[in-house]
Amino acid sequence: MAPPVAVSPLIKTARWSALLLGMLYGKQRFDYLKPIAEEERRVEEAEKKLREEQERIYKQLSEANSDTILK
């Protein structure tokens, strides 16, 4: 095996800079998307409650309609 080659300081600086810029971009993007995702979760939760209420009402109506003397 060949001994490891010394990496140029310019390449090292460029790699570290790219890493830090990527982290900064990721943080900025996360901060941008977080409120949007929270709003979507809130809307989805409200829709779920409404859907469950409609299912409960439908179930009660179907049980009320199935109660007959002919059972």
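User: Why is Glu 53 called partly exposed?

Analyst: This is a predicted model, in which local features need pLDDT of at least 70 and side-chain atom pairs count only at pLDDT 80 or more, while totals for chains, interfaces and linings use all residues. Residues are numbered from 1 along each chain as its sequence is written, and side-chain values use heavy atoms, with hydrogens and water left out. Buried means under 20% relative accessible area, exposed over 50%, and partly exposed in between (1.4 Å probe, protein chains only). Glu 53 has a relative accessible area of 34%, so the term partly exposed applies.

User: What makes the contact of Arg 56 and Glu 53 a salt bridge?

Analyst: The term requires a side-chain nitrogen of Lys or Arg within 4 Å of a carboxyl oxygen of Asp or Glu. For Arg 56 and Glu 53 the N to O distance is 2.3 Å, so the contact qualifies. Arg 56 is itself partly exposed, at 39%.

User: How many salt bridges does this rule give, and which others can be named?

Analyst: The count comes to 4. Among them is Asp 31 with Lys 27, whose closest N and O atoms are 3.1 Å apart. Another joins Glu 39 to Arg 42 at 2.5 Å.

User: Where do Asp 31 and Lys 27 lie, and how far apart in residues?

Analyst: Both belong to helix α1 (residues 9–66) and stand 4 residues apart, about one turn of the helix. Here a helix is a DSSP run of H or I with at least four residues, numbered from the N terminus. Glu 39 and Arg 42 are likewise in α1, 3 residues apart. An α-helix has 3.6 residues a turn, so residues three or four places apart point the same way.

User: What is the span of α1 against the expected value?

Analyst: The expected span is 1.5 Å times one less than the number of residues. With 58 residues, α1 reaches 81 Å from its first C-alpha to its last, close to the 86 Å expected.

User: Where is the kink in α1, and how is the bend defined?

Analyst: A kink of about 30 degrees lies at Leu 33, shortly before Pro 35. The bend is the angle between axes fitted to the seven residues ending at a residue and the seven starting there.

User: Why is Leu 20 called partly exposed?

Analyst: Leu 20, in helix α1, has a relative accessible area of 46%, so the value falls between the two cut-offs.
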